[in-house]
Amino acid sequence: MKRVIFLIIVSLSMAACGTQPAAPPGTGIQGMVQVGPTCPVERINSPCPPHPIAATVVVRDGAGAEVMRFTSGADGRFTVNLRPGTYSLTGLTNGSSPLPRPIPTSVTVTQGTYTAVNVEYDSGIR
């Protein structure tokens, strides 16, 4: 009986803290964090692709509650396990400068796959 009461208390405590059950393996998002434009003038024969960056990204659920944060690698790449659902992703700024400016994006995760998504920052170059 004590064990049952203990389990109930632990379960309620986890629910009160907003803890979610672990994401199923092989389900979530993967992609790249990048900043662009990277050239003041883009020409047809001289492409100027966005550059990958290491950044911290906040993941929020459909209700706007923060689910997690992750940091992309130095090459901008990331893979994150998430439960199926729709999420918004927003990169964090470095605090003292408004640039690069994160551009919020949304993504829908389905069971058993990693959904590809790019998290973008606007460099402010015009």
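**Figure 1. The whole chain, end to end.** Helices (H or I, at least four residues) and strands (E, at least two) are DSSP runs, numbered from the N terminus. Keep in mind that this is a predicted model: local features need pLDDT of at least 70, side-chain atom pairs count only at pLDDT 80 or more, and totals for chains, interfaces and linings use all residues. Residues are numbered from 1 along each chain as its sequence is written, and side-chain values use heavy atoms, with hydrogens and water left out. Of the 126 residues in the protein, 25% are buried; here buried means under 20% relative accessible area, exposed means over 50%, and partly exposed is in between (1.4 Å probe, protein chains only). The accessible surface comes to about 8000 Å², and carbon and sulfur atoms hold 60% of that. Those areas come from the Shrake-Rupley method with a 1.4 Å probe; for residues, only the protein chains shown count as cover. As for contacts (heavy atoms within 4.5 Å), take the ones between residues at least 6 apart in sequence: 58% of them join residues at least 24 apart.

**Figure 2. Inside the largest nonpolar core.** A nonpolar core is a set of buried Ala, Val, Leu, Ile, Met, Phe, Trp, Tyr and Cys residues joined through side-chain atoms within 4.5 Å. The largest one here has 17 residues, and the members touching the most others are Ile29, Val33, Phe70, Phe78, Leu82 and Leu89. At least two core residues come from each of strands E1 (28-36), E3 (56-60), E5 (77-81), E6 (85-91), E8 (105-109) and E9 (114-122).

**Figure 3. Zooming in on Ile29.** Set aside the neighbours within four places in sequence, and what does Ile29 contact? Its partners include Phe70, Phe78, Leu82 and Leu89. Also in contact with Ile29 are Thr79, Val80, Val107 and Val109, along with Tyr114, Thr115 and Val117.

**Figure 4. The open four-stranded sheet.** This open sheet has 4 strands in the order E4-E3-E6-E8, paired antiparallel. Two strands pair if DSSP finds at least two bridges between them. Strand E4 (66-71) and E8 sit at the edges, each pairing on one side only. On average, neighbouring strands of the sheet are turned by 30 degrees against each other, direction ignored; the axes are lines fitted to C-alpha atoms, for helices over the stretch in contact, and angles run from 0 to 180 degrees between N-to-C directions. E3 and E4 run antiparallel and are joined by 5 bridges. Look for Val57, which stands opposite Phe70 in E4.

**Figure 5. Strand E9 and its partners.** E1 and E9 pair in the parallel sense, over 9 bridges. Within that pairing, Gly31 has Val117 in E9 as its bridge partner. Strand E7 (residues 101-103) also pairs with E9, but in the antiparallel sense and over 3 bridges. Here Pro102 stands opposite Tyr121 in E9.

Figure 6. Most residues other than glycine have a negative phi, and most peptide bonds are trans. Which peptide bond is cis, with omega near -5 degrees? That's the one from Gly36 to Pro37, and Pro37 lies in the loop between E1 and strand E2 (51-52). Another cis peptide bond joins Leu99 and Pro100, with omega about 0 degrees. Pro100 is in the loop between E6 and E7.

**Figure 7. The salt bridges.** A salt bridge is a side-chain nitrogen of Lys or Arg within 4 Å of a carboxyl oxygen of Asp or Glu, and by this rule there are 3. Glu66 and Arg69 meet at 2.8 Å, N to O; Glu66 counts as partly exposed because its relative accessibility is 37%, and Arg69 is partly exposed as well, at 46%. Asp75 and Arg77 come together at 3.7 Å, N to O. Asp75 is at 40% relative accessibility, so the label is partly exposed, while Arg77, at 52%, is exposed.

**Figure 8. Asp122 meets Arg101.** The side chains of Asp122 and Arg101 form a salt bridge at 3.3 Å, N to O. This pair links distant parts of the chain: Asp122 is in strand E9 and Arg101 in strand E7, 21 residues apart. Is Asp122 buried or exposed? Asp122 counts as buried because its relative accessibility is 9%, whereas Arg101, at 40%, is partly exposed.
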